[in-house]
Amino acid sequence: MITFCIAIVLLLLGYFVYSKIIERIIEVDPSRTTPAVAHPDGVDYVPMKPWRIYLIQFLNIAGVGPICGAIMGAQFGTASFLWIVFGSIFAGAVHDFISGFISIRMNGASLPDIHGACLGHRKEQFMRLFTIVLMVLVGAVFVNTPAVLLHSNFTPGWNIFIWVGIIFAYYLIATLLPIDKVIGKIYPVFGILLLAMAVAIVVAFVVYKPAIPEVWEGLQNRHPDAAHNPIFPMMFISIACGAISGFHATQSPLMARCMTNEKQARPVFYGSMITEGVVALIWAAAAAFFFGPDSPVDTAGKGGPAMVSVIANTWFPKAIAVITVLGVISAAVTSGDTALRSARLIMADFFRYDQKPIKNRLFVAVPIFAVTAGILVYSLVDAAGFDVIWRYFAWGNQLLAMVTLWAITMYLAERRKPYIITLLPAMFMTMVTSSFLLVAEREGLGSYIPHWLGYTLGAVITLHITILFFHLLRKRRARNVEKKDAQE
């Protein structure tokens, strides 16, 4: 419990100290006009109150990631606590803050446009396609998860596709309507519910006094299948949204188009990630107890959603347990629809297609939803379908975070800012994503090559990408000097 308390304090210090350092480095300017003020369109560029933007951003980026991801990551032991804390402070929150800030400065630009501005046009087009594919996978995952939870917990006699149809219809409505009509009104309520769930877990800590493991008891891998699931890189893929997630940077432009002052960027972007880190830490601590030797129930073989039910039904009265499960469902739903909304905006930005008329929004959204529906049916019909989609989603999510970290590092380096703050996280995430493909046994080549070779090749890939970055930086700096000389 001491480790848990220290970790909470460190996360809070990250917000009140380190975020202010980042704010000074990127030179937030409260006097600049934001996109929402410059050209509100009543659909996506809609000025909103700061507290509402914060709660929407928190709910958008959270989903079930800081709950289910943190629960599964807790299987690896107390190393998960360290990753949540230091990953949130020095990687995830910095990633979210700077990418969101760049979006504000670029007129609410979508993430692929940021990649293009910082890394080049060819990379922009590739990342545009990659990001849309990832958003479709997110949409499919976050229809599947709440549909399964609703079906299994409340209506086991129904056909699951009834819930799929209801959720899918809601997604289409939320994607098409102006952001302040559905998302702006009900998401803050769901955000408060998600926080209330975390508070309820903390109350349970006080009441039941569970034996939460401490870091000084050892950082050894406690995964039930540790031989095939090494902490590095498996834990860093399992715990994504609770530490760093590329999905977050796809959501930031939604809120960048609603801010009325650049000073709102720190609490909205950095603050939301730290809040998510706190939530992830709480659920990881609870799961660490239930996965441990003192667990009051058998948790062998249980995944993230199942563990939510176990924790809630063991510690809470029936009514609160039901609310907890509903909170997880709402978290999944509210990330799924904003993922598909992001896909619509990315497509519309690419084709420069005006999204003010609803028929234009429908024209872009229908193909996206059609592809999502196909993937969703596969995930429900095929027994292994969901696992396959989740693995690709998890790895793609961290790959997107890696590319975004390199992009914002270029942004800082070109402006002669201390880019070490993002360079080190970028290199680390490059090592995570590359070695995952070479070490993971089911998802990559781990069944065919020894782990030491996988790690070595991962390090070589990381070094190669780092060298390419500095080569590109020199070229861009030289080009900028030529442009400046020509203007003079």
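**Entry 1: a serine in a helix**

I looked up Ser435 and found it in helix H17 (residues 420-439). Helices here are DSSP runs of H or I with at least four residues, numbered from the N terminus. The model is predicted, so I note that local features need pLDDT of at least 70 and side-chain atom pairs pLDDT 80 or more, while totals for chains, interfaces and linings use all residues. Residues are numbered from 1 along each chain as its sequence is written, and side-chain values use heavy atoms, with hydrogens and water left out.

Is Ser435 buried or exposed? Ser435 is buried, at a relative accessible area of 0%. Buried means under 20% relative accessible area (1.4 Å probe, protein chains only), exposed means over 50%, and partly exposed lies in between.

I then checked the side chain of Ser435. It reaches the backbone oxygen of Met431 at 2.5 Å. The backbone oxygen of Val432 is reached at 3.4 Å. I set aside neighbours within four places in sequence and listed the contacts (heavy atoms within 4.5 Å). Ser435 touches Phe232, Pro233, Ala440, Gly454, Tyr455 and Gly458.

How many residues of helix H11 (residues 246-256) are buried? I count 11 of 11, so the helix is mostly covered. Among them are Phe247, His248, Gln251 and Met255. Ser245 caps the N-terminal end of H11, with a side-chain oxygen 3.2 Å from the backbone nitrogen of Phe247.

Next I followed H11 to helix H12 (residues 265-291): their axes come within 11 Å and cross at roughly 135°. That makes H11 oblique to H12. Axes are lines fitted to C-alpha atoms, for helices over the stretch in contact, and angles run from 0 to 180 degrees between N-to-C directions. Under 35 degrees is roughly parallel, over 145 roughly antiparallel, 65 to 115 roughly perpendicular, and the rest oblique.

Which residues meet here? His248, Ser252, Met255 and Ala256 in H11 meet Phe269, Met273 and Glu276 in H12. By class, I find 4 nonpolar, 2 polar and 1 charged.

**Entry 2: H14 and H15**

I turned to helix H14 (residues 318-351) and helix H15 (residues 358-381). Their axes come within 9 Å and cross at roughly 125°. That makes H14 oblique to H15.

From H14, Leu340, Ala343, Arg344, Met347 and Ala348 take part. From H15, I list Arg361, Val364, Ala365, Ile368, Phe369 and Thr372. These divide into 8 nonpolar, 1 polar and 2 charged residues.

Note on methods:
Helix = DSSP H or I, 4+ residues; strand = E, 2+ residues; numbered from the N terminus. Nonpolar A, V, L, I, M, F, W, Y, C, P; charged D, E, K, R; others polar. Polar contact = N/O pair within 3.5 Å; in protein donor to acceptor, adjacent residues only side chain to side chain.
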